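Hi everyone, thanks for making time this morning.

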Amino acid sequence: MDIVVCVKTNPDLQMVRIKNREAVTEAVPYKIGDLEKNALQAAVDLRAAAGGKVTALCLAESNRKAAEDIKVALAMGADEAVVIDDPALAAPDQAAIAAVLAAAVKKIGACDLLLFGEGSSDNYTGQVGARVAELLGLPQIGYARKVEAADGAVRCERSMDDMIETLEAPLPAAVTVVSEINEPTIPGLMQIMKAKSKPLQVWALADLGLGAPAPVREIVSNLAEEQDRKNILFEGTVAEQADAFVNALIKEGVLGR
Amino acid sequence: MDFRYTTEQEMYRQAIREWLVKNLEPRARGIDEAEDGIPNDITAGMAEMGMFGTTIPEEFGGMPLPDDERLIYAMITIHEIARADLSMSTPVYTLLTIGWSYIINRYGTEELKQEVLPAVAAGKAFAGINTTEPAGGSDLSAIKTIAPWNEEKQAFVMNGEKAYVSGPKECEKWGPPSGHCTLVKTDPAQGHKGMTFIWVPAHLPGISYTTYKDMGRMGLSTGGWIYKDVELPRKYILGEEGKGFYVNMDGFNAARVLVAAACLGGAEKGLEISGEYTAQRTTFGKPLGKWEGISFEMAGDWMALDMLKLYLLRGAWMIGQEHTNPGQFGRKEINKIISTCKCLSPTLCHDIARHGMMYHGGFGYTKETPLEMLLRGVMSYEVGAEGGLMIMRGIIARDEWGETHNPFKD
């Protein structure tokens, strides 16, 4: 079974500082998002059961080192990697990302299963998996916490509020996964060195027969939440303070929802 | 010229940091308190990540690395382990094992490599260094342990005593093929020219040990060995008979890279801990970091640390270059750079640990912070392990200004 995993690199969130409510990403290294690692691990596990090939597909966006950073996906077990790096795609909107990824999946050719994280670690719009599936005319299952493939179909579990839903779709299909699906393995030195000789291609928009995308989205505002403290002091006995504290939390909607 | 790690080196660094933060860091205090070695699941996981294979070729179960980069990978390994285990137990256990395996691979016979290296790469053997004796360690040419060749037994027959050696309990735990690279006199009449460097498996008949109670790095045992008519076959020899002093010194240069890496890794983490605490803790209405008595001292520590990290990288790179393509650098040039790293790194790490404890106040004196553990652990490298600090200065004086400044010869 041939699997394509769409993998986004984003600034290392632990190193991003917020200044004037905007993210400061200068000199912050990029890394593969956590949910994309879950998707990669799911692909590697499926390949172990069913054979085939895993291709990591990455749209570089503003990451000038994406072709290096994607090697982590190869070390984690992907067989091949494709990076799409084009100056016209430095800050694409979700429609453009989906159009480019869909074209790249077509160019890759063999793809029985297309995997995504449920959303990216930075913007987390959660749109891309569904958009690509739509563009390619594939059945899609979102938010899978378990993925199995057999007899030309993919079977997924997902957690709803009060039940676990099991869905099945014929292959080829697109699936987005949640973090509960697995614990991604950390690649060791042997896997890192083996990744060095795995095929890695870098494509530009022209290689996909596409031109610069026209944006369909305008970002009006994208600011970090303000984190002001309320500076409420509770007085009285310890018991009274505790009651007042709990009531305040309920009033704020933190407790008792 | 490029001052960055390669893509693969950086990937490895990030991968092992992630693994060590998750699997070793939360257990460092427990390792220090239990005084019962490094837990097997940790060494097994480290082996799986490739950490024990950095200095060992793939044919002996090690990692497929370019030979001139092996010491750099080992340096990254030890730096990252030291960040995770500030007690210094796991970094020292590992640096001894992979550092002296590097020398076994460089100077050992094929049979010795087959016997020892695969078990080391799998994380199932300890390899250490054994030179110091009860009468002293810095004055190596005065050692008294002898192992003259016995034609009848077809073995070097070893008698003597060694002291302050890391790893006796670890050798016992793992069993064969654990042991130590050991300096002996095979021709006692010849002074340092009669010395041979030889692998001594810890399980051979005639070997016994005692242990000491150390002040730090409690997860790694230290002790003394007693040898009585121990028979060492020729396959265990490292380098040439009678050239042991030079092989040992070459080994010390590689080991000192890793010792410095352990100190700098611990120092880096210690300074980070201080950075976080002095940002959060307020006195007199402002964070501790706003007090220049603190921030300027931290800036000084940062400067020294950053310079030494770069300097050590240079030293590790030089040894790798020299070992794969000899003749690029003189022995003296490498000696001076490595001695600088070994001389300055332990003291800097100690200073950073002590400064951090001061910023933490009473809290810093408790075992709630790992800084006291770092201070106790790094002291082993100040008092002398892998070469005393004054010996490092002596090497630099000798190799920079020649015999007029050689303190080792009258």
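Let's start inside chain B, with two helices that touch: from α10(B), the residues B:Pro346, B:Thr347, B:Cys349, B:His350, B:Ala353, B:Arg354, B:Gly356, B:Met357 and B:His360 meet B:Leu371, B:Glu372, B:Leu374, B:Leu375, B:Val378, B:Met379, B:Tyr381 and B:Glu382 of α11(B). Sorted by class, this contact between α10(B) and α11(B) has ten nonpolar residues, four polar and three charged. Do keep in mind that what you see is a predicted model.

How do the axes of these helices cross? Helix α10 of chain B covers residues 331-360 and helix α11 of chain B residues 371-383, and their axes come within 9 Å, crossing at roughly 160°. Because of that angle, and angles over 145 degrees count this way, α10(B) is roughly antiparallel to α11(B). The crossing in which α10(B) passes α11(B) is left-handed.

Now let's move to where the chains meet. Chain B brings 15 residues to the contact, and chain A brings twelve residues. Which helix gives the largest share of chain B's side? That is helix α1 of chain B, residues 7-23, with seven residues. On that side of chain B, the residues touching chain A divide into eight nonpolar, four polar and three charged.

Finally, a look at chain A. Its domain assignment gives domain 1, spanning 3-208, and domain 2, spanning 227-257. Taken over C-alpha atoms, the centres of domain 1 and domain 2 of chain A are separated by 42 Å.

Definitions and conventions: Residues are numbered from 1 along each chain as its sequence is written. Chains are lettered from A and ligands numbered from 1 in the order in which they are written. This is a predicted model: local features need pLDDT of at least 70, side-chain atom pairs count only at pLDDT 80 or more; totals for chains, interfaces and linings use all residues. Two residues are in contact if their C-beta atoms, placed from the backbone, lie within 7 Å. Helices (H or I, at least four residues) and strands (E, at least two) are DSSP runs, numbered from the N terminus. Ala, Val, Leu, Ile, Met, Phe, Trp, Tyr, Cys and Pro count as nonpolar, Asp, Glu, Lys and Arg as charged, and the others, Gly among them, as polar. Axes are lines fitted to C-alpha atoms, for helices over the stretch in contact, and angles run from 0 to 180 degrees between N-to-C directions. Angles under 35 degrees count as roughly parallel, over 145 as roughly antiparallel, 65 to 115 as roughly perpendicular and the rest as oblique. A crossing is left-handed if the near helix is turned anticlockwise from the far one by less than a right angle, and right-handed if clockwise. Domain bounds come from an automatic or database domain assignment.
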